[in-house]
Amino acid sequence: MEGKPVKKAVYIIGTILLSLLVLFCGYEMVAARIASKEAENAYGGLAEKVGAKTDTEEMAEVIAEAIAQNQYPPLEIDMDALKEMNEDFRGWLYFPALDISYPIVQGEDNNYYLKHSFEGERMGAGCIFMDCGASPDWSDRNTFVFGHNMRDESMFGSFKRLMADPSLCQVNTCFYIYTKDYVYTYEIFAFYETKSTSDRYMTFTSDENYDLYVKWAVEHSEYQSEADLSERGNIVSLSTCYGSAGTSRRMIIHGALTATENYE
């Protein structure tokens, strides 16, 4: 007879734990949706305010024509306005293949912009930011830029589309960084999954280390690039979390500098 109360207690505890799990998962989904909506409102309004919108039909045609002619997309971004809004502004990232178009900032550490927007508001989606120790003029041999992997594919959430379909890079093989004076064109030469503790998050100064780093990246890439890396153009590495929350999995996309043009 003693077994029945024990079984009943186990059943009750199991039911309670299951209910708590359901409530937690529901909370996580709602929180993610709220964060995504906040990002859409904040950055959609910002892009329109500074002239960086890329999602209109007219702009899409202009961008496609420029890319077809191996020119940078002619975004008319108000750099002075962005700098006035936030002194941490370092440039604007445009990644046509994944519809990524956001300002890039650089904080005193790599924590603040995980939870704060470009305009300093507390926000789960955070902001796209370059490593706090990087040269702000994009002159390092390997500059890291980080962003959240949002479920609605905002910020760097669309990276998972690239992992599912590497051919997306075959049409638009480049991403661009716009600054007040220059537009930097980076040709994608590799992307892959790694861990947050891997040596992929390294910087280097020598040509030998550059070649070793690039060789490994190309060999482990999900995408077979035809990029010419003989000139050893400076690299920008875009990084985000990959997989379920709380894991150490990361995805990195590498682009090598192929053109630096005056921004007019």
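The legends below go with a set of close-up views of this predicted model.

Residues are numbered from 1 along each chain as its sequence is written. In this predicted model, local features need pLDDT of at least 70 and side-chain atom pairs count only at pLDDT 80 or more, while totals for chains, interfaces and linings use all residues, and side-chain values use heavy atoms, with hydrogens and water left out.

View 1. Helices (H or I, at least four residues) and strands (E, at least two) are DSSP runs, numbered from the N terminus. Starting there, the order of elements is α-α-α-β-β-β-β-α-β-β-α-β-β. Of the 264 residues, 43% are buried (buried means under 20% relative accessible area, exposed over 50%, partly exposed in between, with a 1.4 Å probe and protein chains only). Taking contacts (heavy atoms within 4.5 Å) between residues at least 6 apart in sequence, 63% join residues at least 24 apart.

**View 2. Helix H5 and its buried side.** H5 covers residues 207-219, and its 13 residues reach 18 Å from first C-alpha to last, close to the 18 Å expected at 1.5 Å a residue (the expected span is 1.5 Å times one less than the number of residues). Which residues of H5 are buried? They are Tyr210, Tyr213, Val214 and Ala217. These four cover an arc of only 95° around the axis, so they sit on the same side of H5; the arc is that of the directions from the helix axis to the C-beta atoms. As a handy reminder, an α-helix has 3.6 residues a turn, so residues three or four places apart point the same way. The buried residues of H5 pack against strands S4 (142-146), S6 (182-195), S7 (235-241) and S8 (249-262). On the face turned away from the buried side you will find the exposed residues Glu208, Leu212 and Glu219.

**View 3. Asp207 and its salt-bridge partners.** A salt bridge is a side-chain nitrogen of Lys or Arg within 4 Å of a carboxyl oxygen of Asp or Glu, and the structure holds eleven of them. In one, the closest N and O atoms of Arg141 and Asp207 are 3.1 Å apart. Arg141 lies in the loop between strand S3 (128-130) and S4, and Asp207 in helix H5, so this pair ties together parts 66 residues apart in sequence. Arg141 is buried at 17% relative accessible area, whereas Asp207 is partly exposed at 38%. Asp207 also bridges to Arg232, with closest N and O atoms 3.6 Å apart. Arg232 belongs to the loop between H5 and S7, 25 residues from Asp207. Salt bridges that share partners join Arg141, Asp207, Asp211 and Arg232 into one network.

View 4. Glu193 pairs with Arg249, the closest N and O atoms being 2.7 Å apart.

**View 5. Arg90, buried with no salt bridge.** Arg90 is found in strand S1 (residues 89-95). The nearest side chain of opposite charge, Asp88, is 4.7 Å away (Lys and Arg count as positive, Asp and Glu as negative; His and the chain ends are not counted). The backbone oxygen of Asp88, though, lies 3.3 Å from a polar atom of the Arg90 side chain. Leaving out residues up to four places away in sequence, Arg90 touches Lys83, Ile104, Val105, Gln106, Met130, Pro136, Trp138 and Thr179.

Technical notes. Polar contact = N/O pair within 3.5 Å; in protein donor to acceptor, adjacent residues only side chain to side chain.
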